Each structure stands twice: as structure tokens, then as C-alpha cells.
Amino acid sequence: MTSRTLRTLTVVTATVALCATAHAAHAAQGDSGRRASGIAAAWARAWNGSDPRALGALFTADGTYTDEAVGITFRGRAGIAGWKARADTLIDGVHVNVRGTRLDGDRITVRAVYSGHLKGAPKSFAVPMTTELDLDRNHCRIVADQDHYSLAAVLAQSGLPADWTPPTP
């Protein structure tokens, strides 16, 4: 075998190995991205559904859910399910309409419209919301959720005063 043939064979072998490695890495990234998209979709379905436990089930056992607009954090699946149940008692037709998602490492950023009708309010609301979902290392469950939206916009659109607070249960 000539040195030129040997060099060509080496280059072809290296190229094949590199392509196989790149394909495997891309496939693994694709699987992670699909799981992350699935989690974001399941998160929206849980908010749009009527079973509060569906939301809690998406989280790790010690997961946290922070609603930045009202400054409150819930811990654990039961606490998170309780937050969804409370929201359902205060807001008719609570709905999250996902506009886009982006996966960056272990974080999904969700752009959405958050809407509903606060019970007792004269009008409905629909405000932009951004949610950050931090995932476990396998991208199977949510470790932490942070919702960002304007409470002032919710109250203004609802026709309620800026100092309105929900009734206690």
C-alpha cells in the first residue's frame, strides 16, 4: 500500500468516525429537546386542565414553583398542586397559550399569554408571560418554575383597583 493510499484510508476512516459521533450527539440533543418540548406542552396542558395534581406531577419531589407577580413560592408536588387548585378557585377559564419555547442547557424559557377571568371582576385579562422551567439533569421533570407577568396589567385589564387582593379561602 502506498503512503498516499494509506493517508486517504486514514482520512476516510476519521471522517466516518467523526460523522458517526456527530450524528449520535445530534440525536441525543434531539431527544433532550423533544423531552423538553414535551415538558413545556405538558406544563401548559396542566394549567389549562382541571386536575391540579397534573401540574404537581411534572415536578421533582422537592420542586419549587414561584409566581413572581404575587411574590409567592410553593414547594413539593402537593404544594404546587395546591397553587393550581387555588388559582382555579380564583380565576375562571385560567389558560396558558404557549407562543414559543427555547431550551438552553437545563432551562426551558416559555413565552406565553396568560388569561382568564378573576371571579368578581368586570372583565377578563390576557397578559404576556415568560416562564423559566429548570429541568432535572435527565430533562424528565421540572426542578423549579418561575412565572413572570405583570400583576398590575392583570388587575387593570380585569377592571380591578391596583390594591385588590384575592379573598382568603
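## Thr 60 in strand β1

Thr 60 sits in strand β1. Helices (H or I, at least four residues) and strands (E, at least two) are DSSP runs numbered from the N terminus. The model is predicted: local features need pLDDT of at least 70, side-chain atom pairs count only at pLDDT 80 or more, and totals for chains, interfaces and linings use all residues. Residues are numbered from 1 along each chain as its sequence is written, and side-chain values use heavy atoms, with hydrogens and water left out.

Thr 60 has a relative accessible area of 14%, so Thr 60 is buried. Buried means under 20% relative accessible area, exposed over 50%, and partly exposed in between (1.4 Å probe, protein chains only). Neighbours within four places in sequence aside, Thr 60 is in contact with Arg 77, Asp 136, Arg 141, Ile 142 and Val 143. Contact means heavy atoms within 4.5 Å.

## Thr 109 in strand β4

Strand β4 covers residues 107-118 and holds Thr 109. Thr 109 counts as partly exposed because its relative accessibility is 27%.

Setting aside neighbours within four places in sequence, Thr 109 is in contact with Gly 100, Thr 101, Arg 102, Thr 130 and Thr 131. Ala 40 is 69 residues from Thr 109 in sequence; C-alpha to C-alpha, they are 8.9 Å apart in space.

## The nonpolar core

The largest nonpolar core has 36 residues. Such a core is a set of buried Ala, Val, Leu, Ile, Met, Phe, Trp, Tyr and Cys residues joined through side-chain atoms within 4.5 Å. Trp 43, Trp 47, Leu 55, Tyr 65 and Tyr 114 have the most contacts inside this core. At least two of its residues come from each of α1 (3-48), β1 (59-67), α3 (76-90), β3 (91-104), β4, β5 (125-135) and α4 (151-158). Helix α1 gives the largest share, eight residues.

Take Trp 47. Beyond its neighbours within four places in sequence, Trp 47 is in contact with Leu 55, Tyr 65, Trp 83, Lys 84, Ala 87, Val 94 and Val 96.

## The largest pocket

The largest pocket is lined by 25 residues. Nearest its centre lie Val 70, Trp 83, Leu 90, Tyr 149 and Pro 166. A pocket is an open set of points on a 1 Å grid over the protein atoms alone, where a 1.4 Å probe fits, with protein on both sides within 12 Å along at least five of seven lines; lining residues have an atom within 4 Å of a point.

Helix α3 supplies the largest share of the lining, five residues. β1, β2 (72-75), α3, β3, β4, β5 and α4 each give at least two.
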